[in-house]
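Trainee: I would like to go through the terms used for this model and see what each one rests on.
Mentor: Ask about them one at a time.

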Amino acid sequence: MKGKLNQVFASFASGYGSFLMGFTNVWPSYTTELFKSELTPLLAPFSETHASLLGSLPSLGAMLGTAITGTLINSLGRKNGGIVLTLFNVLSWIIVELCSSPMLILVARFLAGISGGGLMVLAPIFISEFADDSIRGALASSTLFLYCVGILLSYIIGWFSTYHIIIWISLALSVTGVFLFLLSTESPVYYMRKRREEDARASIAHYKGLSPTSTEVTDELTRIKQQIVPAIELVSVTAEPDSKAEEAEKEKLNNDDDVHELAKNVSTIKQLFTTPSSLRGFLIVLTVISMQVFMGMVPVQVYAKEVFRQTDPAKSDLYTVLFALTLCSGTLVTATVADKAGRRVLLIASSALVSLCMASLGYLLQSKSASSWVTILVILIYCFAFMFGAGTVPYVLLAEVFVPEVQSFASMLIVEWVWFLDFVILAIFNYMTTLVGIHGVFYCFAAVALCNMAFSYVVVPETKGLSNSQIQEFFHKRKY
């Protein structure tokens, strides 16, 4: 029990960056008007261009943060790398509080994006390296749940608080993220890569809640060794301390530089794209996460705000909070049942419901046959359906289908791709709306959701309860 509590804490610490990113992303929704107003004290008036960049710059910063995270956490470690990335967020809120220049505030938004994008890459990597198979799905899906909680808390605080109080709360939350990482224990995989075997053993013991000398800890240490140096046939460390076999193994691991050079020479890029199991896992996760983007959550959020405002301006803040609560409830369902129901069934069921909601929303908007409250209800149902499967399960898969050697690089590529697709879909949304109408766009989202359902049924494997080695063996044997 103690080991699982340690895993939950480390998952919360690493996923807390997603909470900060959710909080940061929606901040402009209730502050943009203050920046644009000439009557707001201490703030220089923003132009329309500045106001637009206020919301979009975090995405550009996230692309940079995603790109540098792999190198950062491989050199400094998951714990120290997380501290550095969180400090970018702390710095961004300090700049916002102390400055009134539009350019400096935009720089702060870019820095916040670097932090959020990087931490959203770090979380699945870190979690995959210590989580037990029995709770890995719940821990991995907690990252998106925390992102939605950040959105919810930001909306609530923005509803009731003043400008400077919001900034101080944001700064306090960011500093909390630094302390959470300080209290975390480093990944055993990172320690093994740095040839710090005793530290790796202690880390495994911490996350298992067992003695460092226990058989289970020793077996896990052996498994990590075999994954990190797959080209070398390692002798089991379960041998007696005075045995010649262990002495030979220690000689290989600690004193033979050629062994480590051989491991380093196996290019991560080559391993990802030429190893059948890694390549198949990469293509599957890339496909479901791409179709997830084109199921319309980002533009629907933009459209939902307009609907709420047009339906009942006096209650638009309340509807926005309900919207965020719906997002949270969907991800909470995934965290609760992902290790019981399985990943595949959640993807299939979620995609089917999303398709039905999008088709219904398209019809309602095309025929104008329903009251505005019905449209709002359908949007809320869509959000729940999306978040309990299609919006969260791909990130669970991201945390569990790759071997440690390619995990960082594969996660960086996929998350970078997601940020790019988010930019693309927002860029073409208005054009598509003009071309086929808003209802036509929602019909397109419904079609993509159907494709995701079919792909998940035919291709996506069930990884519930499987160890990393079992997942790799499944991908290696299966032909697509």
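Trainee: How many residues of the protein count as buried, and what makes a residue buried?
Mentor: Of the 480 residues, 54% count as buried. Buried means under 20% relative accessible area, exposed over 50%, and partly exposed in between, with a 1.4 Å probe and protein chains only. This is a predicted model: local features need pLDDT of at least 70, side-chain atom pairs count only at pLDDT 80 or more, and totals for chains, interfaces and linings use all residues. Residues are numbered from 1 along each chain as its sequence is written, and side-chain values use heavy atoms, leaving out hydrogens and water.

Trainee: Why is S187 called buried?
Mentor: Its relative accessibility is 0%, which is under 20%, so S187 counts as buried.

Trainee: What makes the pairing of S187 and E129 a polar contact?
Mentor: Their side chains are joined at 2.6 Å. A polar contact is a pair of N or O atoms within 3.5 Å; within protein, one must be able to donate a hydrogen and the other to accept it, and residues adjacent in sequence count only if both atoms are side-chain atoms. The 2.6 Å value is within 3.5 Å, so the pair qualifies.

Trainee: Which residues does S187 touch, leaving out those up to four places away in sequence?
Mentor: R78, F126, E129 and S203, where contact means heavy atoms within 4.5 Å.

Trainee: Which residues does M358 contact beyond four places in sequence?
Mentor: M295, V300, Y382, F442, F445 and A446.
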